[in-house]
Amino acid sequence: MSNYFSRSNRFISCAVMLLAAGAMQSAQAAGYPDKPITFINPYAAGGPADILARIVAKQMSQVLGQSIIIQSKPGGGASIGAEYVARAKPDGYTVLFGTAAAHIVTPLMQTVQYDGIKDFTFVGMVGNIPNVLTVAADSGLKSVDELIKDSQENPEKYTYASAGNGSSPHLTGENFKQQTQAKLLHVPYKGAAPASTDLAGGLVKVGFLNLPAVLPFINQGKLHALAIAANKRSPALPDVPTMDELGYDGFKGSSWYSMAVPAGTPKDVVDSLYAALKKVSENPDTITMYEKQGVESFLMDSKEAGQFVAQDRERIQKLLKAANITSK
């Protein structure tokens, strides 16, 4: 009899503890946020991820009533920043401003200490940014066909910059080489900002970088945009044709950006972050800022974002194999 009551007491004690923990978690979520939030940018400061994160952070901080700090942790194909968030306390105060590289490509290509999908809960998708084929303004190249022809005749002459191994610009560049037989040597950087700076300075010859990174240099006359890898022309570069328009049917290359928190973050906290993101994304001021940077709104909620990333993993895995990009 005493053993029965002992087991019952232990069961009741465990149940009380679980209920108390659940109540504490709900209470914490109800008071969220009560301190500054940190957005982790897994690329170098000044690049597309940093630019987009700052637009969103400024608007979301007003909605949430707390400041949002942008912290850059570049390197490792975005894995350094991603791992930092995956190992952070799951309380909603450390958020990854991630891309396919952080969540999919680098974990497929390298040995990393996190799972790009299972170790995160996606708050939602934020935006999509097309890649632009650019060359130095003094290169003398005026078209995509000229670039392809000259690279084939002078293969030792051409290098192309990317934001890092496995980044969208890297995959787009390799896809371009495969489809056109252009002869380009890949040069990876720790982000689009240093890559675009070296491209404008002539240290590398070609770039298929995210639009916000190269837009200032295009506007300054230092870079010449040959084509955009998107479904339609960008309002930020209305005179630049798409690859489709130039006869390269179906050629696309862009980077999606998401917000994700460590797995195990309370649902109420995730919902609060998404509600703020949704409000910001629908704000006309945000939309105007997006358009100026060539960003396409790509809003999805937590469930939709998780499903999208899982599906994109399958697509990218096939692309890596087709482009013969070495995995781990």
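How many aromatic pairs does a search of the whole structure find? I ran that search on this predicted model, and eight came up.

**Aromatic pairs**

I picked out one of the eight aromatic pairs, Tyr114 with Phe120. I noted its geometry as edge-to-face, with 6.1 Å centre to centre and 90° between the planes. Next I asked myself: are these two residues buried or exposed? Tyr114 comes out at a relative accessible area of 6%, so I logged Tyr114 as buried, the cut-off being under 20%. Phe120 has 6% relative accessibility, so Phe120 went down as buried too.

I also looked for rings that group together, and I found Phe176, Phe208 and Phe251 in one aromatic cluster.

**Lysines over rings**

Which ring does the charged end of Lys35 sit over? I traced it to Tyr93, with 4.7 Å to the ring centre. I then turned to Lys73, which lies over the face of Tyr84. Here I wrote down 4.4 Å from the ring centre.

**Confidence check**

The chain averages a pLDDT of 89, and 90% of the residues score at least 70. A reminder to myself: where pLDDT is low, the predicted coordinates should not be read in detail.

How values were computed: Residues are numbered from 1 along each chain as its sequence is written. This is a predicted model: local features need pLDDT of at least 70, side-chain atom pairs count only at pLDDT 80 or more; totals for chains, interfaces and linings use all residues. Side-chain values use heavy atoms; hydrogens and water are left out. pLDDT is the predictor's confidence in each residue, from 0 to 100. Rings of Phe, Tyr and Trp (its six-membered ring) pair if their centres lie within 6.5 Å; planes under 30 degrees apart count as stacked, over 60 as edge-to-face and the rest as tilted. Buried means under 20% relative accessible area, exposed over 50%, partly exposed in between (1.4 Å probe, protein chains only). A charge sits over a ring if NZ of Lys or CZ of Arg is within 6 Å of the ring centre and within 35 degrees of the ring normal.
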